[in-house]
Amino acid sequence: MGLAVVAAMVAGWNLASVTLPVARALDQDPANSTVHVVAYHRALVLPGTLVVDVWGAQRTATPLDVLRVLLQAAAALNEHSYDTVVLAYRGAPRFILPGFYFRQLGHDYGQGQNIAALIRTLPQNVRTLDGGAAFETWTGGMLGVLDRQMDDVKTLSRRWWMDPHSS
């Protein structure tokens with residue numbers, strides 16, 4: 001009985017502090033109807049690690065749709081600090097973001113920063129599960145850099161949620 005009470009308290013804490021605030025924020029935007037994302041603490045008990053988990057996306061969902069949802073989730077949790085944010089697909093971790101960067105994304109999105117700029121620079125801040133850089137930081141001419149950044153956005157999306165067999 002005691003374990004059941006603790007489990008209910010943990011689930012309620014996750015629901016109230018992370019899952020519901022993100023769900024409410026995402027429900028405000030009708031453009032999010034093609035994507036189903038759930039946020040929760042890792043293992044439901046690790047407050048320093050947030051999981052942003054893509055549970056499903058319709059065939060019509062684009063990388064912009066999922067990444068916009070990520071930005072909106074970050075804005076909804078902007079008052080919280082995390083050490084790490086895990087980008088997962090149906091419970092399977094795919095990538096990580098530093099917590100400070102996730103918070104900055106939420107702040108910048110909430111302040112009306114250019115969504116295209118936030119999205120195109122996102123991959124250079126994404127880490128592999130072992131903490132290494134998942135993508136390069138590009139330098140050089142503006143058009144070349146922009147082209148490579150957008151390629152990285154597509155690759156991030158494919159590896160995170162578009163290809164269920166990706167790891």
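A residue is called buried under 20% relative accessible area, exposed over 50%, and partly exposed in between, with a 1.4 Å probe and protein chains only. At 1% relative accessibility, Phe102 therefore counts as buried.

This is a predicted model, in which local features need pLDDT of at least 70 and side-chain atom pairs count only at pLDDT 80 or more, while totals for chains, interfaces and linings use all residues. Residues are numbered from 1 along each chain as its sequence is written, and side-chain values use heavy atoms, with hydrogens and water left out.

**Aromatic pairs**

Rings of Phe, Tyr and Trp (its six-membered ring) pair if their centres lie within 6.5 Å; planes under 30 degrees apart count as stacked, over 60 as edge-to-face and the rest as tilted. A search of the whole structure finds 2 such pairs. The ring centres of Tyr82 and Phe102 are 6.5 Å apart and the planes stand at 70°, so this pair is edge-to-face. Tyr82 sits in the loop between H2 and strand S3 (84-89), and Phe102 in helix H3 (residues 99-110), so that distant parts of the chain, 20 residues apart, are linked. Helices (H or I, at least four residues) and strands (E, at least two) are DSSP runs, numbered from the N terminus. Tyr82 is buried too, at 7% relative accessibility.

The rings of Phe95 and Phe135 have centres 6.2 Å apart and planes at 40°, which makes the pair tilted. Phe95 belongs to strand S4 (residues 92-98) and Phe135 to the loop between helix H4 (115-121) and helix H5 (142-162), so the pair ties together parts 40 residues apart in sequence. Phe95 counts as buried at 5% relative accessibility, and Phe135 is buried at 8%.

| Pair | Centre distance | Plane angle | Class |
|---|---|---|---|
| Tyr82 and Phe102 | 6.5 Å | 70° | edge-to-face |
| Phe95 and Phe135 | 6.2 Å | 40° | tilted |

H2 is mostly covered, with 10 of its 14 residues buried; among them are Val66, Leu67, Val69 and Leu70.

Val153 lies in helix H5 and is buried, with a relative accessible area of 5%. Its contacts (heavy atoms within 4.5 Å), leaving aside neighbours within four places in sequence, are Leu67, Ile119, Arg120 and Pro123.

**Cavity and pocket**

On a 1 Å grid over the protein atoms alone, a cavity is a set of points where a 1.4 Å probe fits but cannot get out, and a pocket is an open set with protein on both sides within 12 Å along at least five of seven lines; lining residues have an atom within 4 Å of a point. The structure holds 1 cavity of 30 Å³ or more. The largest cavity contains about 30 Å³ of space and is lined by Arg120, Pro123, Gln124, Glu136, Trp138, Gln149 and Asp152.

The largest pocket has a volume of about 220 Å³. Of its 15 lining residues, Ala23, Leu26, Asp27, His36 and Val37 lie nearest the centre. Helix H1 (2-27) and strand S1 (35-42) each supply at least two residues of this lining.

Terms used:
Grid points are joined across faces, edges and corners, and a volume is the space filled by probe spheres set on the points.
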